[in-house]
Amino acid sequence: MSMDRMARRSVSLLLALALLAAAASADSWLYEKFTTEGNVRADYNAQGQQVTSLILTQQSGGAFSSRQKYLYGEFSIQMRLIPGNSAGTVTSFYLSSGDGPGHDEIDMEFMGNASGQPVVLNTNVWANGDGKKEHQFYLWFDPAADFHTYTIIWNDKNVIFKVDDLFVRCFKRYPDLAYPGGKPMSVHATLWDGSYWATQQGKVKVDWSAAPFAVSYRGYSADACVPDGDGRPLSCPAGTDRWMSRQLDAAEWGTVAWARQNYMHYNYCDDGWRFPQGFPAECSRN
């Protein structure tokens, strides 16, 4: 090979590496935006996207939590769940104001299952420490075969849950009922051993002979407002109205109805045994 060709190849290789490094730097969301705990690994794919893996062993799980707290916004991430027998495991993407007795929280939790069985998506909303508002859905695709996008839209009117391009739930705000609207929340992702409740109410435990278990995250996005101190207005990105005033239209309510009719596994508003004194007030208003 001539010196000229070798030089051109070297320049092309250096340029490709520089472009990949620039793309990786632009997508380095994990350590810039989150703290980590337990078994967490960060790599880059061929497109320069950072792919974060949470790993569960019998000794420890993994988690990452945002350094920033938010008050309203649109939060999304792409996830590829545990393949095969994931019974007993719980993977999550959620918002939380903390662990105190009056905390607020918005959950998307994925409850593992035995090989060949559908994974259950558990959505829940906590306000002032009151949860018990679960809607659970069997996923209509294999969430371990590829990445899928999971989104939480949170504003002062409603909390909306979205899977890929389909809206699956909308939790409305009512003036006389508790709603997660007064406490800033951090973004969290976890993978942990939920054997005591995750699969068939705890009947099926984690099969540790199949460990370690891994869940992959990529493409994290937080288009959200940030508290700017007591008594000050929120610091919000340009174009906030695209989610701050977001409510579902008729077609989007149609996808919610489709998910409920075809894939709902559990609805707290149908669980009379759990609420012997009467259902929560919002159940009769939705």
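**View 1. Lining of the largest pocket, by residue class.** The lining of the largest pocket in this predicted model holds 12 nonpolar, 12 polar and six charged residues. Here Ala, Val, Leu, Ile, Met, Phe, Trp, Tyr, Cys and Pro count as nonpolar, Asp, Glu, Lys and Arg as charged, and the others, Gly among them, as polar. The volume of the largest pocket is about 680 Å³. Of the 30 lining residues, Met 111, Asn 122, Gln 136, Trp 197 and Ala 198 are the closest to the pocket centre. A pocket is an open set of points on a 1 Å grid over the protein atoms alone, where a 1.4 Å probe fits, with protein on both sides within 12 Å along at least five of seven lines; lining residues have an atom within 4 Å of a point. Grid points are joined across faces, edges and corners, and the volume is the space filled by probe spheres set on the points.

View 2. At least two lining residues of the largest pocket come from each of strands E6 (89-96), E7, E8, E9 (135-138), E13 (186-193) and E15 (264-267). The protein has four helices and 15 strands in total. Helices (H or I, at least four residues) and strands (E, at least two) are DSSP runs, numbered from the N terminus.

View 3. Asn 113 sits in the loop that links strand E7 (105-111) to strand E8 (120-126). With a relative accessible area of 11%, Asn 113 is buried. Buried means under 20% relative accessible area, exposed over 50%, and partly exposed in between (1.4 Å probe, protein chains only). Leaving out residues up to four places away in sequence, Asn 113 touches Gly 84, Asn 85, Ser 86, Ala 87, Pro 118, Thr 199 and Gln 200; contact means heavy atoms within 4.5 Å. An unreviewed UniProt entry places the feature "glycosylation site" at Asn 113. UniProt positions follow the numbering used here, feature names are shortened, and annotations may be inferred rather than shown by experiment.

**View 4. Asp 130 and His 103.** Asp 130 belongs to the loop between E8 and E9 and is partly exposed, at 35% relative accessible area. The C-alpha atoms of Asp 130 and His 103 are 8.2 Å apart, with the two residues 27 apart along the chain.

**Notes.** Residues are numbered from 1 along each chain as its sequence is written, and side-chain values use heavy atoms, with hydrogens and water left out. In this predicted model, local features need pLDDT of at least 70 and side-chain atom pairs count only at pLDDT 80 or more, while totals for chains, interfaces and linings use all residues.
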